[in-house]
Amino acid sequence: MTTIKTQAAGLAAAADERRLDLLGRIAEAGGKVTPNANPQAQHGYEHLAPCDGDEGDLLLLARRDYLEQRFFDRVSLCPKCGSHHLNVREICPGCRGAHLANEGLLHHFRCGYVGRQSEFATAGDGDGSRVCPKCNRRLHHVGTEYDRLGKVFVCLECGVITENPPVEAACLACGARNLAEDLVSTDVFSYVLTSLGFAAVRRGSLLDTDDELLFVSGAPVYRSTVILEFLNQEVKRIHHFKNGFSVLLAKCAREATDNRDGALLPPWLPRLRQCLREVDLIGQLADAVFVVILPQTDKRAAEVLRQRVLAEIGPQLQLTLSAIEITEPRHLAQVLAHRSGLSEPR
Amino acid sequence: MSGFLHYFLSAISPSELLGFSRDLPELMTSAFMPWWLMYVLPIVLWFFLAVGCWLVYLVKPAVIRPPLLARGPQPEPFVSVVIAGRNESASIGEAIRAALLCGYANLEVIFVDDCSDDDSVVVARRAARSVTRYGSDAHRVRIFASPRRNGKASTLNIGIRMARGEFIAIIDADSTIQYGAMQHWLLQFSDPRVGAVAANVRVLNSTASLLTRLQEIEYAMQFTVGRLATARLGILPIIPGPGGLFRGEIVRRLGGFDTGLGDDTDMTMKLRKQRWKLGMSVDAVVWTIVPVTPRHLWRQRMRWERNMVKIRLSKHRDQFVLGRYGSANAIVALQLLIIRLAFPWAAVTGLFFFSFAYGPLSVPRLLKAYYWVYLAFLLIKMLIARDIAGTPQPNHFWLLFVFPFYRLFLRVPVMYGQFCELIRIGAKHPYVPDHIWQEIPWW
């Protein structure tokens, strides 16, 4: 039993070592890795040097906040076999064949006939006029005698005309045919080293047991994943106890922050902390966006606090501070919008 | 003057009006030909078909309302429901939803928007998404937004060109197919000679106003029972625009509808000339929205009547060459000339005739007699309609007394429309865009 435990500990240590090495290589490569297209890769993309084939480790490190995932591309996969080798094309809604032609639809004003351009035969005398198949009259002038109704897809097998044909993907690996909306899609990400990742590289160990998992390096500020969890908890309390809370949302210019271990922290943060109660929590939502959770605080009290904080910090041109009361879960969306930079705080 | 007024008032007083029993037997036992030709004969012609139909229904109901047969091994035919509309955002969603949910699975809906100014296309797409699932089911609805306004006929032709059904149902954008109607609608196509089947068009907004209630009665008697009877005799004069089911190959071979007004009449005439049988199904119910205000009703009826003159008297005037298109078509042509044209004008002429020949007070006396005769026939016909088709609603029966005045009111736009069209006053209708109108050769 002891031997198994020892072996397991050794394996875990080796895995940590490998992941730390991966973080180091990413840091040396500029702190960011981007996937490269490769038809032979499982999903059509792979991360080349410095992290060859370490997809599993990249995901794990991102989950543990050492790396930040950034959307790079979306890949469609066969729902049957998972291959990305798909032949995507429009098909006929009638016979499901792919033998379609994109053709103009003509409308003859005089008799009302509507048909494909190829049905209106070109007159033989070379003046470029066409002949209506319904009334056999010559069509000379577009706009006064006939008109183009736009282009449509015509099935050359069964003759069905459609403006928006369904899109189908035939899997070249297993032969399955699926409509485009039935395909499985997976996202491919690039990875950026976070402040936690930088700190781990600098210290030469992963920081799973340190406070740094919770806090932005050296500051009493919770990491975004942590503060979001706290926010979720507060929202759950609203459900149960029906009394809301408030948040202070602080947004400052990026250049006004102090880069410490890769973390961007503004110099006024300690003074903000001094203005708050022990129970209030500060967290970093994004690089230059901070949130303060004020439990059991209504809008009026939050507004008073906001004024006090502004008075304490003094005039800061780059800082925008707003108080938001959250009494319903949907109010949280307002706060999260600032996280992704969707709107400016009032 | 006061003496004349006194005499006049006494002639139209309720007590005098109720004394019709004196006049009626007198007229009915007389050999006074104008009375018989101008007043009694039209009513009888209008009436005896319904009675005959009802008698058949009493003896053999399956002839009038054929029951659905147990489904055989052959698959259900594919039906394309083509809807053309312009600025119909208020009703198009319901029309698409009803068509998709009518209880017939092997069906597609094609909505062609005639360059609407409103959000008809958006509403139609939303309605389609609300009913169809993702995947292949989503392609049961196809929506085509025409880049230029072309009028109803050309818009329908776009839909017909896109339709892939063995049968093509044409409905209006403000009409909805009743659940279970499609199976009944298709039933008559088991006869290969049948080219098209008219739906039983009923009034959706019958409780909106007095006018719509009266229209419900009119639709029940004239469109439901009237068309049923004429269809049984092979002289159905129209496959109505709000609900007609056609064999796809015929419509495609004809190149769709011709441009201009009266597309339904025109298509019916073409089918009749090709000797296709036209049917009518009581159980293929299509609900439609009718005009609520007198102004709209007036305009609708004027348009119908002008179209009748345009299409039947002008474009298809060769139908009057008796024998060219067979006896049934000859009867349809005569019916048109006698019932729709000659009788109304003869009735008006008759009023002047009586007025001049027997003094002005003979007219109110005549009309009151006519009113009661008409009322008696009307009651019987309403009961027949109620028995065969379950319409009109019993709580609308009291409108029977008002109905003759409603018909009298409609005579005005109808005859005015005929008159204007015959002497070509204001022949152009805004329903047809200018660029189409300039190219139409028919009138």
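A: Happy to! The crossing of H13(B) and H16(B) is right-handed, in what is a predicted model. Two packed helices are described by the angle between their axes and the distance between those axes. Here, helix H13 (residues 294-315) of chain B packs against helix H16 (residues 403-422) of chain B at about 40 degrees, and their axes are 8 Å apart. That angle makes H13(B) oblique to H16(B), because angles under 35 degrees would count as roughly parallel and those from 65 to 115 as roughly perpendicular.

Now look at the side chains. From H13(B), the contact includes B:Trp298, B:Met302 and B:Val309, along with B:Arg301, B:Glu305, B:Arg306 and B:Lys310. H16(B) contributes, among them, B:Leu410, B:Pro413, B:Tyr416 and B:Glu421.

Next, zoom out to the domains. Chain B is assigned a domain 1 (7-56 + 325-435) and a domain 2 (66-292). Their C-alpha centres lie 31 Å apart, and 29 residues of domain 1 of chain B are in contact with 27 residues of domain 2 of chain B. The largest share, 7 residues, comes from H14(B). That side of domain 1 of chain B divides into 21 nonpolar, 7 polar and 1 charged.

Key:
Residues numbered from 1 in each chain as written. Chains lettered and ligands numbered in written order. Predicted model: local features only at pLDDT ≥ 70, side-chain atom pairs only at ≥ 80, totals over all residues. Axes fitted to C-alpha atoms, helices over the stretch in contact; angles between N-to-C directions. Helix = DSSP H or I, 4+ residues; strand = E, 2+ residues; numbered from the N terminus. Parallel < 35°, antiparallel > 145°, perpendicular 65-115°, else oblique. Left-handed = near helix turned anticlockwise from the far one by under 90°. Contact = placed C-beta atoms within 7 Å. Domains from an automatic or database assignment. Nonpolar A, V, L, I, M, F, W, Y, C, P; charged D, E, K, R; others polar.
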